[in-house]
Every structure is written in structure tokens, then in C-alpha cells.
Amino acid sequence: MKKRLQVFISSTYIDLIEERQAAVSAVLKSGHIPAGMELFTAGDKSQLDIIKRWIDESDVYMLILGGRYGSVEPESGVSYTELEYDYALEIGKPLFAVVIDDEALENKVKEHGTSVIEKDRPAELKLFKEKVLTNMSSFFEDMKDIRLCVMESLPEIASTRELAGWISGNEIPDTKGLVDEIAKLNNEVRELTKENLILTKKVGQHAKITNSSEFDELKTILDSVEIKIPPKVVNGKENVVQTLFTLFINVQETLVTGVTNQSQQDEAVYFLYNNVCPKLQIHGLVQNEKVASVRWRRFSITKKGQEFLAHIEKQKLISE
């Protein structure tokens, strides 16, 4: 089955309209799906959140960098285009960039005037350009170079990364037989599980996973691990640090229901999934599992994690 990748195309807008059209055309000719924010103009934080969701839901991020730095987000002093690029890097999105050649930029200035070059923040543009060139990127002189870069980059990314992409409904095979077989196997698993529980009760195998002294030692270990919480998770507060034990106790109810990495969630959920849960998994308190029929995964609390919480509650009652 051929997967069609969704490609998010990012750039400053007015000075690169033709270049964006060339990229869109090349993506379509490659059999993939272009996505971008042509209907929006950079300027507020809510729009940046929308763009981040588009990037989350796209398979590949493409940047076209010309001679302008672009509109600047007031709080950070960073352009919206650079913020988009940084976000794609942060979440590990497959990306590539095309950067205008110096001679091509000079010709563009001769043709369109100085509106196509950066007058206010040339230093910021220079640093941004240096960052881009350290990752997968190439220079372009004209539209042909942009089309060629798209044609070369997308097949390489598709062949080296496991991407979700889009599949035509006509190409999806009939899986009814497979579904029936899975249902049959699930029934067999349930029956075997019941038999196992009965046998376990008969032989008296009710030993706890971990004894009290081991739980006390685990609490000490978790209390020694400090985690810095990003300001965006705690209403902009700087230098907020909590121990791994405190975080585990505070988010126990969330862990019981499960923490997923699906898109369009708030920053606190992403922080739990990417920074807290992997550390708890090391100690066997949570487990990472694939969620059936969807594209995301989930961290959920383990039997050991439940018994650890019960132990903590018991110790609190004793101390009171």
C-alpha cells in the first residue's frame, strides 16, 4: 500500500509566494499532500498553537528560508517561522529545508526591491540560517531547485522513517477474516486467564510484588531524583523543581486512567509523557503500551505502581 505523506510547508509569506507554490506543486507531483498556513498571518499566540497542531498531525516538515526573518513573537523575540522550525526539531519531526542562495537573493532584490530582505533583525536571521544549515538542508537559486529538493528528500525520508501517512480506502485489504481470528484468540485468552486465576487461588499464590522495606527504599530513590518543570506547565513560573516521588503522587489519578502522546493535548500531558513517565517506567511503576486501532501510545500504572501507592497511603495512616 502506498502511503501519502502530509508535508507541512513553512516560510515567511509575502516574499516567498512563488517559492511556496513551487514546493506545493512538487509535493503534489510526488504523490503526497501539502499542508501550510496560507490562510493565516503570523501574529498571535493562539495561531501558533494551531500551527503546532498542524505540525503534530503532519508527517514531514519543510522550511523555505529566504531573505526575511519574519514576524516576531513579542514575548520571546523569536520569529514565528523560527518557532515553528524549533518545534518541529523539539518533537523529532522528520524535516528538511531549502535556503536561498546569496546570488539568488541579490537578483530577487533587483527584481522586487528591498522588501524581500531583512532590515530590522539581520543578526537574528543570520543565526537562524546557521541553525538550519546544521540540519538537513540545501541551497536554491530558482524554483527548479526547490522542486528537485522536494523530489529527492521525500523518498529518502519515507524510506528511512516509519511514518503513518495517509492510505486510500481502496487500497486497504479486506480484514474481516483477520478480525474474526483475533476475536477468537481473544476469547481463548480470556478463558485461559480465568483458568490461571483459579489455579493461582488453589495453590495460594498471593505473594505481593514488593515488600515494605523495598517500597521504602524505592521512595527514597524517587525522592532523590529532581525534575525541573517547564514554565509553560506551571503558569510561567521559573525554576520550579519537584522530586520524582512528589510528581508520581500528584499525578497518580492521571496515571490510573493513562497518559497518551496523541496530538492536541496541553503541555502538561506532553511533559508527563515525555519526561516523567519514562523515569517511572525504569522503576516498574508504569508501562508503555500500544493503544489498539489508533496512532498513539499510552503510559499506564502497573500492578507494582498500584501496590506502591497503597503502601504510601498505609504509611500516612500509621503516622497520623
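Figure 1. Ile17 counts as partly exposed because its relative accessibility is 34%, in a model that is predicted. The residue lies in helix α1, which spans residues 17-29. Together with Tyr13 and Ile14, Ile17 forms a nonpolar patch on the surface. The accessible area of these three residues together is about 310 Å².

Figure 2. Strand β1, residues 6-11, contains Ser11. Ser11 has a relative accessibility of 12% and therefore counts as buried. A polar contact of 2.8 Å joins the side chain of Ser11 to the side chain of Arg20. Leaving out residues up to four places away in sequence, Ser11 touches Leu16, Arg20, Ile64 and Thr81. One of these, Thr81, is itself among the buried residues of helix α3.

**Figure 3. Helix α3 and the residue that follows.** Helix α3 runs over residues 80-90 and is mostly covered, with eight of its 11 residues buried. The buried residues are Tyr80, Thr81, Glu82, Leu83, Glu84, Tyr85, Tyr87 and Ala88. After α3 comes Gly92, with a positive phi near 75°.

**Figure 4. The Glu19–Lys108 salt bridge.** Side chains of opposite charge can pair when their charged atoms come close. The structure holds 12 salt bridges. In the one between Glu19 and Lys108, the closest N and O atoms are 2.9 Å apart. This pair links distant parts of the chain, with Glu19 in helix α1 and Lys108 in helix α4 (residues 102-112), 89 residues apart. Glu19 counts as buried because its relative accessibility is 3%. Lys108 is buried as well, since its relative accessible area is 10%.

**Figure 5. The Glu90–Lys232 salt bridge.** Glu90 and Lys232 form a salt bridge whose closest N and O atoms are 3.9 Å apart. Distant parts of the chain are linked by this pair: Glu90 belongs to helix α3, while Lys232 sits in the loop between β6 (226-229) and β7 (240-243), 142 residues apart. Glu90 is exposed because its relative accessible area is 55%. Lys232 has a relative accessible area of 48%, so this residue is partly exposed.

Figure 6. Lys316 forms a salt bridge with Glu313, with 4.0 Å between the closest N and O atoms. Lys316 counts as partly exposed at 42% relative accessibility, and Glu313 is partly exposed with a relative accessible area of 40%. Both residues lie in helix α12 (residues 303-319), three residues apart, about one turn of the helix. Elsewhere, salt bridges that share partners join Glu82, Asp86 and Lys131 into one network.

**Figure 7. Confidence along the predicted chain.** The average pLDDT of the protein is 86, and 90% of the residues score at least 70. Confidence is highest in strand β4 (residues 95-100), at a mean of 96, and lowest in helix α7 (residues 176-202), at 82. Over residues 205-209 the pLDDT is below 50, and this stretch has six contacts in the model beyond near neighbours in sequence. Where pLDDT is low, the predicted coordinates should not be read in detail.

Notes: Residues numbered from 1 in each chain as written. Predicted model: local features only at pLDDT ≥ 70, side-chain atom pairs only at ≥ 80, totals over all residues. Heavy atoms only, no water. pLDDT = per-residue confidence, 0-100. Helix = DSSP H or I, 4+ residues; strand = E, 2+ residues; numbered from the N terminus. Contact = heavy atoms within 4.5 Å. Buried < 20%, exposed > 50% of the residue type's maximum accessible area, 1.4 Å probe, protein only. Polar contact = N/O pair within 3.5 Å; in protein donor to acceptor, adjacent residues only side chain to side chain. Patch = residues over 30% accessible without salt bridge, like charges linked within 9 Å, V, L, I, M, F, W, Y side chains within 5 Å. Areas by Shrake-Rupley, 256 points an atom, 1.4 Å probe, with all protein chains shown as cover. Salt bridge = Lys/Arg side-chain N within 4 Å of Asp/Glu carboxyl O.
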